[in-house]
Amino acid sequence: MDEKPAIEVPETLGEEIGGQGKAYFDDVVIDNILDALLELSAAVWTYHDRVTVLETVLAEKGIEVSDAIEAHVPEPDEIARREKERMALVNRVFGAFLRRPTPRGPAGLAAQPQTGDDT
Amino acid sequence: MNRGSIGVTPRPTTLADESYLEFITSFRRLAIQQMFPKVAEHGETRLAQAMENGAVKAEGGNVPLTEIQRIFAENPVTPTFQRFVRTQQEMMWRRTRESFFRDAGGLMAWMDRAAAEHPERLHIDPEFVPPEYTRREIHCQPGGYTDDPLGGVVYHYGTKVFYEGFNDQDELHRELAERATPPADGKVARALDIGCSIGQATTLLKDLYPDAEIWGLDVGEPLVRYAHARAVDHGKEVHFKQALAEDNGFADASFDMVLSYILFHEVPVQKMREIIAETYRVLRPGGTFTIYEFPSNDKGQVSASTRFLVDYDSRNNCEPYSPDFVAADFRGIIEEAGFEVADGPALSNTFLQSLVATKPA
C-alpha cells in the first residue's frame with residue numbers, strides 16, 4: 001500500500017509557542033534563567049533515563065560495562081560527534097537567553113517579549 | 001519510528017522524547033498540585049486581610065479581578081509559578097509535535113487506511129471550512145484543533161501530560177461516560193458526544209450502550225480522523241463527524257442523549273447559546289444533555305484563587321473565550337433554551353461543574 005499520505009503535514013507550525021514568547025518578570029533575565037533551568041532539568045532526566053535503560057539492556061545480555069566505560073578512550077570521529085551533541089545541549093538549555101535577549105521596553109527595539117498580562 | 005503504545009495511548013517515537021515528556025509530566029504535577037496551592041493560600045490570606053482593613057472592597061458580591069491580580073502579584077513566587085506553567089506547556093507541545101512528526105507518514109497512512117476500511121463511520125464534508133473562531137490555538141497547541149493534520153495524536157499525548165498521568169488509559173473519560181445521565185425511561189438508541197475531540201468518551205459510551213448508535217462530533221478534521229482510526233483499531237462501531245456543534249446537520253429529535261465535556265468555555269457566549277439551542281433541537285422529548293464544564297462565577301460562587309487561575313489560564317494558555325463563559329449565567333442560558341436543569345453527578349475533578357439538562361417530555 002502506498003504510505004504517502006493524501007494530506008501534506010507541515011514540519012513546523014504554531015504561533016502561540018513561537019516567537020519571543022511571554023515574560024513574567026520585570027527583569028527578563030529571570031524568565032530566561034527559569035526556562036534554562038527547566039530545559040536543563042529535562043535534559044538531565046532524559047540522559048539519566050537512557051543510561052538506566054542502557055545498563056538494564058546490557059545486564060539482561062550478561063554484559064558488565066562499568067570498567068570498560070571508565071577505560072574507554074574516544075577516537076577523533078567520536079570526539080567530533082560528542083562535541084556536536086554537547087553544543088546542541090548548550091543551545092537548548094541556554095536558548096532562552098537568545099530568545100529574549102533584551103529587557104521589556106523602552107522602545108527602540110522592534111520585537112519585545114509580551115508580558116504575561118498581555119492578551 | 002513507531003514504538004507502539006502505552007495501553008491505549010501512543011508512545012513517543014524515541015526514548016529521549018518519552019523521557020523528556022515524562023519529566024514534563026512530573027514537573028507539571030509539582031507546579032499544579034504543590035506550587036499553586038501555596039500561591040493560592042498566600043493570595044487568599046492577603047486578600048482577606050486587605051478586605052478586613054478596607055483596602056479592597058467587593059463590588060456586587062465579587063472582588064474586582066484587578067484587585068485579585070494585584071494582591072496575588074505581591075507574592076514574588078507568583079511570577080515563578082506563571083513562568084513555570086507557561087514554559088512546561090511550551091516544552092510539552094514542542095516536543096510532542098516534534099516526536100510524532102518523525103512518524104508523520106506512518107500516522108497519516110494509518111488514518112487513511114481506517115478511512116478506507118470504514119468510510120461509513122467517518123463523516124467529513126470536503127467543502128466544510130472551520131470558522132475563524134474555532135481556529136485559535138487553544139491550550140497553545142500548535143495548529144489548534146483544525147490546522148495540524150497530526151493534531152489528533154499530538155492532542156492525545158499532549159493531554160496525557162496535561163492530566164499529569166491520571167488519564168493514560170482514559171480513566172477520566174470512562175468516568176465521564178459512566179456518569180452521563182440517560183433519559184428517565186432508560187431508552188438510549190442514539191447518543192451524541194459534542195466537541196468530542198479524539199473520541200475518548202465517545203467510544204466508552206459505546207461500551208456502556210452497545211446496542212445504541214453512537215456519534216462523536218467535532219470541528220477539527222484532524223481530531224475526527226484520529227478518533228475514527230482509533231475506534232477502528234479498538235473495534236468500536238462509532239460514527240465521527242466533522243461539523244459545528246451549533247449546526248450539526250442532524251434531524252430534529254433524533255438523539256436520546258447528548259454529552260459535552262469542557263466544550264462551552266472554548267466558544268464565544270453567542271456560540272454557546274446557539275450550541276445549546278441546536279442540542280435542544282436534536283434531542284427527543286425526555287432526552288438528556290449531560291454537561292461537564294468550567295465553573296460559573298455569575299453569582300460570585302468561585303474563590304479568588306480559582307478566578308486568578310482561570311484568568312491566568314485565559315491569557316497564558318490561549319483560552320480566549322473562558323472569561324466570558326465564567327462570567328455568564330450558564331445555567332440560566334440553558335434554561336432559557338427550554339431545558340429543565342439539575343445538578344449532575346459529581347466528578348473526581350472537583351474544579352468542574354456538572355449539569356443535567358432535560359428536554360421536557
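The exercises below work through chain B of a predicted model.

Local features need pLDDT of at least 70 and side-chain atom pairs count only at pLDDT 80 or more, while totals for chains, interfaces and linings use all residues. Residues are numbered from 1 along each chain as its sequence is written, and chains are lettered from A in the order in which they are written.

**Exercise 1.** Determine how the size of chain B relates to the globule rule.

Solution. Begin with the secondary structure, which comes to 12 helices and 10 strands; helices (H or I, at least four residues) and strands (E, at least two) are DSSP runs, numbered from the N terminus. The radius of gyration of chain B is 21 Å, close to the 21 Å from the globule rule for 361 residues, so chain B is as compact as a globular protein of that length. Here the radius is taken over C-alpha atoms, and the rule is 2.2 Å times the number of residues to the power 0.38. Next, the C-alpha trace spans about 70 × 55 × 35 Å along its principal axes. Finally, of the contacts in chain B with a separation of 6 or more, 75% are between residues 24 or more positions apart; a contact means C-beta atoms, placed from the backbone, within 7 Å.

**Exercise 2.** Check the span of helix α8 of chain B and state how far the helix is covered.

Solution. The helix holds 13 residues, 221-233, and at 1.5 Å a residue it should span 18 Å; the expected span is 1.5 Å times one less than the number of residues. Its end C-alpha atoms are 18 Å apart, which agrees. For burial, count other C-beta atoms, placed from the backbone, within 10 Å of a residue's own: 20 or more is buried, 12 or fewer exposed, and in between partly exposed. By this count 12 of the 13 residues of α8(B) are buried, among them B:Leu223, B:Tyr226 and B:His228. The cover includes α4 (104-117), α5 (151-162) and β5 (213-218) of chain B. After the helix comes B:Gly235, with a positive phi near 70°.

**Exercise 3.** Locate B:Cys140 and B:Cys318 and classify their burial.

Solution. B:Cys140 is in the loop between β3 and α5 of chain B, and its phi is positive, about 70°, although it is not a glycine. B:Cys140 counts as buried because it has 22 C-beta neighbours inside 10 Å. B:Cys318 lies in the loop between α10 (304-316) and α11 (322-327). This cysteine is not a glycine either, yet has a positive phi of about 50°. With 20 other C-beta atoms within 10 Å, B:Cys318 is buried.

Technical notes
Contact = placed C-beta atoms within 7 Å.
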